[in-house]
Amino acid sequence: MNNKSHIDIESKVVYEGRFVNVRIDTIKKDNRLLEKEIIEVKKGVVIALVSDDKKILLINQYRHNHGQILELPAGAIKDGETPLDAAKRELSEETGMRGNHWKLVSTHQNGVHQEGENYFFVARSLSGSKNSQSLDDDEYIGLSKYYSFR
């Protein structure tokens, strides 16, 4: 559903990066010209890996701007890849684990000033080894741990 209550005047990309672009949109709303900053983000996946005893696996990942944090396995969808294929690849790369049953739980926008969707999957019936990660050159993921939310 598109409930636009403005007129698009101009859109200009001011930064192009590997994972994000930044653009300035000029719009007309209520007879005023406004500039809106928009971050264009690649589509991504987030995976909740649920064990047979109903625990969720969180990874301990280093993020340059935050340090070590606990998070769900996640990553960008590569060109030509389906969201499910990306979820399976990211889960295997970051944890060494594989889910044998997958369910797409939601698709949502990244944020108010961002464009790009995240696909949220739940993976169950696990196999593989947490010791067989295949990380990207700029990824630093330490030991992962299952957490119970009971």
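Is Lys43 buried, partly exposed or exposed, and what is its relative accessibility? Lys43 counts as partly exposed because its relative accessibility is 43%. The model is predicted, and the mean pLDDT of the protein chain is 84. In this chain, 87% of the residues reach a pLDDT of 70 or more.

**Confidence by element**
- Strand β1 (residues 7–16) has the highest mean pLDDT among the elements of the chain, at 95.
- The lowest mean pLDDT, 66, belongs to strand β9 (residues 114–115).

**Salt bridges**
- There are six salt bridges in the structure.
- Lys43 pairs with Glu117 in one of them, with 3.5 Å between the closest N and O atoms. Glu117 belongs to strand β10 (residues 117–128) and Lys43 to the loop between β3 and β4 (44–50), so this pair ties together parts that are 74 residues apart in sequence. Glu117 is partly exposed, its relative accessible area being 22%.
- Another salt bridge joins the side chains of Arg23 and Asp25, at 2.7 Å from N to O. Arg23 counts as buried at 10% relative accessibility, and Asp25 is buried at 13%.
- Arg89 and Glu90 form a salt bridge with their closest N and O atoms 2.9 Å apart, and both residues are buried.
- A network of salt bridges links Glu81, Arg89, Glu90 and Glu93.

**Nonpolar surface patch**
- Val14, Tyr15, Phe19, Val20 and Ile39 make up a nonpolar patch on the surface, and their accessible area together is about 440 Å².
- Ile39, one of these residues, sits in strand β3 (residues 32–41). Ile39 counts as partly exposed, with 33% relative accessibility.

Methods. Residues numbered from 1 in each chain as written. Predicted model: local features only at pLDDT ≥ 70, side-chain atom pairs only at ≥ 80, totals over all residues. Heavy atoms only, no water. Patch = residues over 30% accessible without salt bridge, like charges linked within 9 Å, V, L, I, M, F, W, Y side chains within 5 Å. Areas by Shrake-Rupley, 256 points an atom, 1.4 Å probe, with all protein chains shown as cover. Salt bridge = Lys/Arg side-chain N within 4 Å of Asp/Glu carboxyl O. Helix = DSSP H or I, 4+ residues; strand = E, 2+ residues; numbered from the N terminus. Buried < 20%, exposed > 50% of the residue type's maximum accessible area, 1.4 Å probe, protein only. pLDDT = per-residue confidence, 0-100.
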